[in-house]
Amino acid sequence: MGRLPGGGLAKGLAVTLRTMTRRSITRQYPEVQPDLAPRSRGVIALFEENCTVCMLCARECPDWCIYIDSHKETLPAEGGGRPRTRNVLDRFAIDFALCMYCGICIEVCPFDALFWSPEFEYAEYDIAELTHEKERLREWMWTVPPPQAHDPAAEPPKEVAAAEKAAARAARSPGTGSPRTGPPGEPGERG
């Protein structure tokens with residue numbers, strides 16, 4: 001057990017001395033903007049046209065920080081049909097003082113109305129002003145980056161592969177209408 005007493009202390013001091021001689025890499029934030037990672041989470045943006053006031057985001061939010069108000073509007077029928085009613089969004093607000101940025105609201109939205117925006121400079125002097133209404137959430141929508149392109153080297157989705165396989169099978173045996181792929185009398189694959 002050839003350990004020297006104080007060897008760990010000497011090793012720690014060596015690391016400290018090595019670090020002290022290097023140049024600092026601190027960025028002066030307000031003057032130098034940080035390089036954010038692609039698709040970084042900053043704030044939640046709202047695309048109001050896609051919102052159907054289904055309330056899923058507000059119900060699933062663990063902090064209850066989403067406030068939605070709406071009213072019903074009756075649309076006249078075209079061509080003699082019955083009139084339709086639809087929900088109209090009056091208020092959509094998120095209290096970022098309560099929000100824990102979990103992203104559940106974005107994941108459960110079935111109509112793609114909520115997105116992550118990389119904006120992070122929305123601090124306020126008063127905590128009451130951290131409740132942002134739909135107009136402010138709409139402004140952040142224009143900072144949402146486009147989705148990343150699919151990796152061309154990745155394997156295709158299983159649905160696409162199954163559809164291509166079925167199309168190839170149908171092209172090989174036109175007009176049979178059966179799932180067999182070989183000539184009659186031979187065992188074939190079942191799709």
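Glu73 is partly exposed, at 29% relative accessibility; partly exposed lies between buried, under 20% relative accessible area, and exposed, over 50% (1.4 Å probe, protein chains only). This is a predicted model, in which local features need pLDDT of at least 70 and side-chain atom pairs count only at pLDDT 80 or more, while totals for chains, interfaces and linings use all residues. Residues are numbered from 1 along each chain as its sequence is written, and side-chain values use heavy atoms, with hydrogens and water left out.

The side chain of Glu73 forms a salt bridge with that of Arg86 (3.3 Å, N to O); the term means a side-chain nitrogen of Lys or Arg within 4 Å of a carboxyl oxygen of Asp or Glu. Glu73 sits in strand S2 (residues 66–75) and Arg86 in strand S3 (residues 84–95), 13 residues apart. Helices (H or I, at least four residues) and strands (E, at least two) are DSSP runs, numbered from the N terminus. Arg86 is partly exposed as well, at 42%.

The whole structure holds six salt bridges. One of them joins the side chains of Glu49 and Arg138 (2.4 Å, N to O). Glu49 is in the loop between strand S1 (43–46) and helix H2 (56–60) and Arg138 is in helix H4 (residues 134–141), so this pair ties together parts 89 residues apart in sequence. Glu49 is exposed, at 53%.

Another salt bridge pairs Glu133 with Arg91 (3.1 Å, N to O). Because Glu133 lies in the loop between S5 and H4 and Arg91 in strand S3, the pair ties together parts 42 residues apart in sequence.

His132 belongs to strand S5 (residues 131–132) and is buried, with a relative accessible area of 4%.
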